[in-house]
Amino acid sequence: MDVTRRIFAAGAATIPFVGSGLPLARAQSTAQDAPLIGNNAVADPIELATDAYIYGYPLVTMEMTRRVLTNVAAPEGKNAPMGQFANLREYPDAKFRAVTAPNADTLYSSAFIDVGTEPHLLSIPEEDGRYYLMPMLSAWTNVFAVPGKRTTGTGPQTYFIAGPGWSGSVPSGAKLIQAPTNLIWILGRTYCTGAPEDYRAVHALQDQYRLIPASAAGKPYTPPPGRVDPSVDTKTAVREQVNRMDATTYFNMLATLMKDNSPALADGVPVAKMASLGIVPGQPFDPARLPPATREAIAQAPKEAIPRIMGHMKTAGQHVNGWTFTTNGGDYGKDYLQRALVTAVGLGCNLPQDAVYPVATVDAAGRRLTGASTYVMRFPAGELPPVNGFWSLTMYDADYFFVDNPINRYSLSPRDSLKANPDGSVDLLIQHESPGAQREANWLPAPAGPFILMLRTYWPKDVLLNGSWAPPPVTRSSSATL
């Protein structure tokens, strides 16, 4: 999955989300779970405090993630100092347990940047037709720009990324991207087959993904060493660190962060309601100055808000043919509860135009998927997943890890030279034992016990986004072991 899975793995939810690796169905907020902070209803102090917590959850989580991922002196694995790329160089195997829902389709290039201090230049090399994307997320987790094959093509490109208050001239040959917040996160993905020669080709591209401060343009530049803060907890999952904060610590951090990462103009109502609780951008939060009832409400906010965030999963899903997925991610408008939920279990979520990941845990009859049975996923002729990018079907065990198997295959995709039936349909064979050498091209090895399937669709076509196309059901075959 996304690079963030290492730090979110502890206690991670198993509900899937669009574009992040764990997709979920489109959120349909109900009157029971919709935050009151954006409504005109008069809320009591507990409701105000709970909604303020939900509203600020993405900003606090993004900052805690930044602290963990940038707390190194030099790029190393998933970590890199501020303003530098961390490039993941290979796909994990079945022994890998650090990140849930790993992927075997794209290699990640991740960088946190403070564009408020000064603008930065991002250079992307000639990709020669290769699929890639460089989504940029605000401090509130909204995707505000996506350079990549879908949007800008695969030729060499240079971007001048400036903060919200910047004004000035853009260097010749660069395109301006004005970020809505000072802190941004680039979470790039580059397609790779995993073959040795393709690893080399993608590594060469990653080495050319370049970030420099605007002041260094046209000059030799060596990034300075990063600052390592020994007080940063790099072992405990970020979500756990956020969720265990007391309310005063949480709201103080939120108020501090909002000074440099302003809420959207459309968020005037929740900002005003937070101000009524003493939570004001750039000002210290001191609950001692509040009435006793409000202080008590503030203290209860985490205990009230976290179950509401996670409970939203119950109403945030629709099922089609046993699959669950969403097209509500990456840009949330005023759906603050959906934004908080995606932050909790799918940080780094793409726009649906870039990726949608349906997930199945049951077969066509609603029975739990298990290696004790054999299954077929049949795509009628001409009805393979409708994408402009690529697609793959990935196998996970019940804990969202790859499954050890004799052919070291963790996903199926057209790069496996799938064999079609005489009528043009394509059967994906999902089972524990090999279906025989002649059919192994279409075999996705399963564990002996329960498993989970994820259909990754990058750059999906409109028929997938509007629901006209849905993944076919996973059907227990007649030769199944009962």
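Helix H9 (residues 336-346) is mostly covered, with eleven of its eleven residues buried; helices are DSSP runs of H or I of at least four residues, strands are runs of E of at least two, and both are numbered from the N terminus. Buried denotes under 20% relative accessible area, exposed over 50%, and partly exposed the range in between, with a 1.4 Å probe and protein chains only. H9 is followed by Gly 348, which has a positive phi, near 95°.

The model is predicted, and local features were required to have pLDDT of at least 70, side-chain atom pairs pLDDT 80 or more, while totals for chains, interfaces and linings use all residues. Residues are numbered from 1 along each chain as its sequence is written, and side-chain values use heavy atoms, with hydrogens and water left out.

An open sheet of four strands runs in the order S8-S7-S3-S10 with mixed pairing, two strands being paired if DSSP finds at least two bridges between them. Its edge strands are S8 (175-178) and S10 (210-213), each of which pairs on one side only. From one strand to the next the twist averages 25°, taken between axes that are lines fitted to C-alpha atoms (for helices, over the stretch in contact), with angles from 0 to 180 degrees between N-to-C directions. Strand S7 (residues 157-162) pairs with S8 in the parallel sense over four bridges, and Phe 160 has Leu 176 in S8 as its bridge partner.

Another open sheet of four strands has the order S19-S18-S15-S21, again with mixed pairing. Strands S19 (443-445) and S21 (475-476) stand at its edges with a single partner strand each, so one side of each lacks a neighbour in the sheet. S18 (residues 426-431) and S19 are joined in the parallel sense over three bridges; the bridge partner of Ile 430 in S19 is Leu 444.

Tyr 131 lies in the loop between strand S3 (120-124) and strand S4 (132-133). Tyr 131 counts as buried because its relative accessibility is 6%. The C-alpha atoms of Tyr 131 and Tyr 191 are 5.5 Å apart, although 60 residues separate the two along the chain. Leaving aside residues up to four places away in sequence, Tyr 131 touches Lys 149, Arg 189, Thr 190, Tyr 191, Asp 354, Gly 389, Phe 390, Tyr 458 and Trp 459, where contact means heavy atoms within 4.5 Å.
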